[in-house]
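Take a look at the structure below. This report goes through its charged pairs, its sulfur link, its cores and a patch on its surface.

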Amino acid sequence: IKASHGFITQHEWAKSIRAFINLEAAGPENPWLVQAYVVAAKHPFASVVAQEIFQSGIIPADTDFRIYRDFGNVPGIDLAFIENGYIYHTKYDTSDRILTDSIQRAGDNILAVLKYLATSEKLAKSFEYRHGNVVFFDILGLFVLAYPARVGTIMNYITAAIAFFYLSKKILQPKPRAVNNLKKLLTAFSLTLASWVCTLVAVLMVAMFVSIIGRALSWYTHFYVSVSLYGTAAAAKLILVHMLAKKFFYKNVNEQYLGDVFFDASLMIWTIALAVMTQMGLCSAFICTLWVALPLLTKLMIHKEFSQKGATIKFIVMYMLGMFLPYLYMLYLSWTVFEMFTPVMGRSGSEIPPDMVLAGFIVIFTMILSSYFINFIYLVKSTKTTLVTLTTVFVVTLILVCSGIFFPYSSDAANPKPKRVFLQHTSRRFHDLDGNVVKSDSGIWINGFDYNGISHITPHVPEINDTIRTPCEEHAPFCGLPWILPVHFMFRFVKNWYLPAPEILPRNPIHFKLLSKKLMPWNSVRLNFEVSGPSHMSLYVRPHAGSALSRWSLGDGMPVTSLGGDYFVFYSRGLQAAPWHFWVELTAPEKHSDGIVSLAIAAHYFFGEDQKSPQLYALLERFPNWTFSSGWCCTYDLFVF
């Protein structure tokens with residue numbers, strides 16, 4: 001990312017770039033590039049759902065795509081391998097682990113798209129074709145459907161209108177009973193939503209319990225555990241709610257009528273979702289279109305069978321055939337989502353319990369897949385056997401998870417799923433307004449990248465335990481720790497550890513100088529700095545109370561805060577470079593006895609003789625083989641001006 005930023009902002013070739021293909025992310029953003037991929041790619045695999053998920057920021061990942069788009073204003077396509085994200089950016093992330101077939105398919109796609117783009121008339125004026133969105137999705141990897149978002153909007157609203165017309169007609173037949181029919185439909189609608197809420201709450205409570213007792217990520221190596229635990233719990237809870245409603249609330253109501261009204265209730269939910277998502281401008285609303293149009297068409301085709309008592313074999317077969325396409329696509333999409341998200345939970349920080357996230361996804365897909373089968377609970381005589389079976393599987397799985405039999409991580413050479421740990425041997429110095437060192441320490445800062453922290457590591461390295469948890473230096477930006485990325489919000493500082501260690505003395509220490517201080521108009525002060533040190537450094541800025549950072553010499557000149565309110569800059573250069581010069585401009589109050597800003601600079605020694613200390617080497621050697629531990633030395637200096 002740093003190299004791509006340097007290239008697109010400084011290299012003489014940058015101005016000649018009209019489009020790019022990024023080989024590590026997900027989803028094109030420009031209509032004409034989508035069309036190029038649709039036409040040219042031999043083995044298409046693409047979805048606007050993935051694009052909107054990545055754009056939402058819920059996946060903690062960043063790629064060169066954002067750099068070229070934001071800093072170079074260049075359109076591009078992302079191509080990525082999503083399989084086996086467990087080894088992403090680890091020592092196991094090697095070319096021999098990528099299937100030959102995958103490389104061939106990727107090569108076929110890249111070459112075909114490149115040839116198409118190179119001969120496209122739109123390439124020379126690519127900026128003119130950037131506007132507008134496209135709905136696109138592949139059908140089981142066989143081909144891609146793509147159409148303009150405006151066409152999708154029209155299709156969505158027409159589909160929703162037809163569905164609402166159907167529901168209105170059902171309510172008004174016969175007219176004298178319209179109010180009663182509406183009341184029954186709304187009751188079924190409310191009961192369906194209530195069953196979803198009850199299911200979500202119940203399963204999230206199970207996930208919270210599993211997290212509290214220290215068994216989070218039990219499914220990380222064994223994904224089937226998550227299905228056996230949370231999937232069965234979700235299905236059982238849904239069936240239980242409707243089984244109780246059938247027994248007590250709908251005690252003497254015709255089964256056929258109930259099956260019919262609950263189908264309509266599900267159709268109503270999907271129709272409302274379709275209208276809302278379309279209004280929000282989400283291209284992913286095409287999924288709702290599938291779940292409205294095809295089930296409605298199925299219902300209209302077999303309406304006679306719906307009127308017959310009970311669920312006959314003929315009715316079930318015809319119903320399943322009608323639902324085949326939406327269910328097949330949803331299963332395909334759910335596989336893709338879990339393939340992407342499950343590995344991400346191993347590097348998503350310590351703030352959000354991963355079990356609750358995964359359980360939430362499983363509940364959502366359970367609700368979606370069950371939406372047009374809820375009516376069968378009311379059509380069949382009994383669901384007791386199904387409920388008992390699901391409950392038994394859930395209880396057995398929960399007992400096994402609580403016992404700790406499912407270890408989260410794996411060092412299997414063929415299919416490793418390691419725990420990620422960052423270790424930074426750090427020397428810190430905190431200076432006051434007069435430049436005096438008021439505090440200094442040295443230690444190895446240990447950062448477990450998942451919710452489990454170091455609980456599984458302590459038995460192997462006993463000195464890494466809860467007695468050395470890292471307190472946050474409240475007065476210092478980023479809690480006084482040398483972050484290499486502004487992701488501190490993903491980690492609770494009760495889940496960081498600081499093991500005391502000797503001071504490090506790098507051969508190329510950092511030098512941080514205030515060159516000048518200049519008064520500017522509007523009560524502003526400009527501070528000019530010079531920094532020299534290693535090739536990679538982090539700068540952290542925190543204006544004091546009453547002060548504000550208004551401008552700086554970096555980027556476009558407009559400072560942007562990180563989450564939490566501090567400012568973060570990552571600086572990298574080649575091996576030979578002049579000292580780094582920059583300035584910051586702050587508005588300041590007339591009285592500022594404690595200074596107007598705190599600046600901290602961290603030096604990261606990623607390679608060379610200063611990379612690892614003897615103590616860091618020794619500690620890394622003791623980590624178990626199911627971990628991927630990355631370590632380097634760094635310094636952190638805080639100054640007040």
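This is a predicted model: local features need pLDDT of at least 70, side-chain atom pairs count only at pLDDT 80 or more; totals for chains, interfaces and linings use all residues.

## Salt bridges

R469 and D466 pair through their side chains in a salt bridge, with N to O at 3.4 Å.

The search of the whole structure finds 16 salt bridges. Three of them are set out here.

| Salt bridge | N to O distance |
|---|---|
| R469 and D466 | 3.4 Å |
| E473 and K439 | 2.2 Å |
| R551 and E585 | 3.6 Å |

Now take E473 and K439, whose side chains meet at 2.2 Å, N to O. This pair links distant parts of the chain, 34 residues apart. E473 sits in the loop between β6 (437–448) and β7 (496–500), while K439 belongs to strand β6. Is E473 buried or exposed? E473 is buried, with a relative accessible area of 10%. K439 has 34%, so K439 is partly exposed.

Next come R551 and E585, with their closest N and O atoms 3.6 Å apart. R551 lies in strand β11 (residues 548–552) and E585 in strand β13 (residues 580–587), so the pair ties together parts that are 34 residues apart in sequence. R551 is partly exposed at 38% relative accessible area. E585 counts as buried, at 7% relative accessibility.

Some salt bridges share partners, and these join K170, D260, D264 and K299 into one network.

## A sulfur link

How many disulfides does the count come to? The count comes to one disulfide. The disulfide joins C472 to C479, with an S to S distance of 1.8 Å. The link of C472 and C479 is left-handed, with -80° about the S-S bond.

Are these two cysteines buried or exposed? C472 is partly exposed, with a relative accessible area of 25%. C479 counts as buried, at 10% relative accessibility.

C198 is partly exposed, with a relative accessible area of 35%. C402 also counts as partly exposed, at 28% relative accessibility.

## Nonpolar cores

The largest nonpolar core has 121 residues. Which residues have the most contacts inside this core? They are Y230, F262, F286, Y372, Y378, L423 and I446. Helix α12 (residues 313–344) gives the core its largest share, twelve residues.

Look at F262 in detail. Leaving out residues up to four places away in sequence, F262 touches A188, L191, T192, H242, Y250, I374, N375 and Y378. Another core lies apart from the largest one and has 27 residues. Among them are L527, F529, W580 and A588.

F164, I272, V276, M280 and L282 make a nonpolar surface patch of about 410 Å². Where does M280 lie? M280 is in the loop between α9 (255–279) and α10 (286–301). M280 has 57% relative accessibility, and exposed means over 50%, so M280 counts as exposed.

Definitions and conventions: Residues are numbered from 1 along each chain as its sequence is written. Side-chain values use heavy atoms; hydrogens and water are left out. Patches are made of residues with over 30% relative accessible area and no salt bridge: like charges are joined within 9 Å, nonpolar side chains (Val, Leu, Ile, Met, Phe, Trp, Tyr) within 5 Å. Accessible areas come from the Shrake-Rupley method with a 1.4 Å probe; for residues, only the protein chains shown count as cover. A salt bridge is a side-chain nitrogen of Lys or Arg within 4 Å of a carboxyl oxygen of Asp or Glu. Helices (H or I, at least four residues) and strands (E, at least two) are DSSP runs, numbered from the N terminus. Buried means under 20% relative accessible area, exposed over 50%, partly exposed in between (1.4 Å probe, protein chains only). A nonpolar core is a set of buried Ala, Val, Leu, Ile, Met, Phe, Trp, Tyr and Cys residues joined through side-chain atoms within 4.5 Å. Contact means heavy atoms within 4.5 Å. A disulfide is a pair of cysteine sulfur atoms within 2.5 Å.
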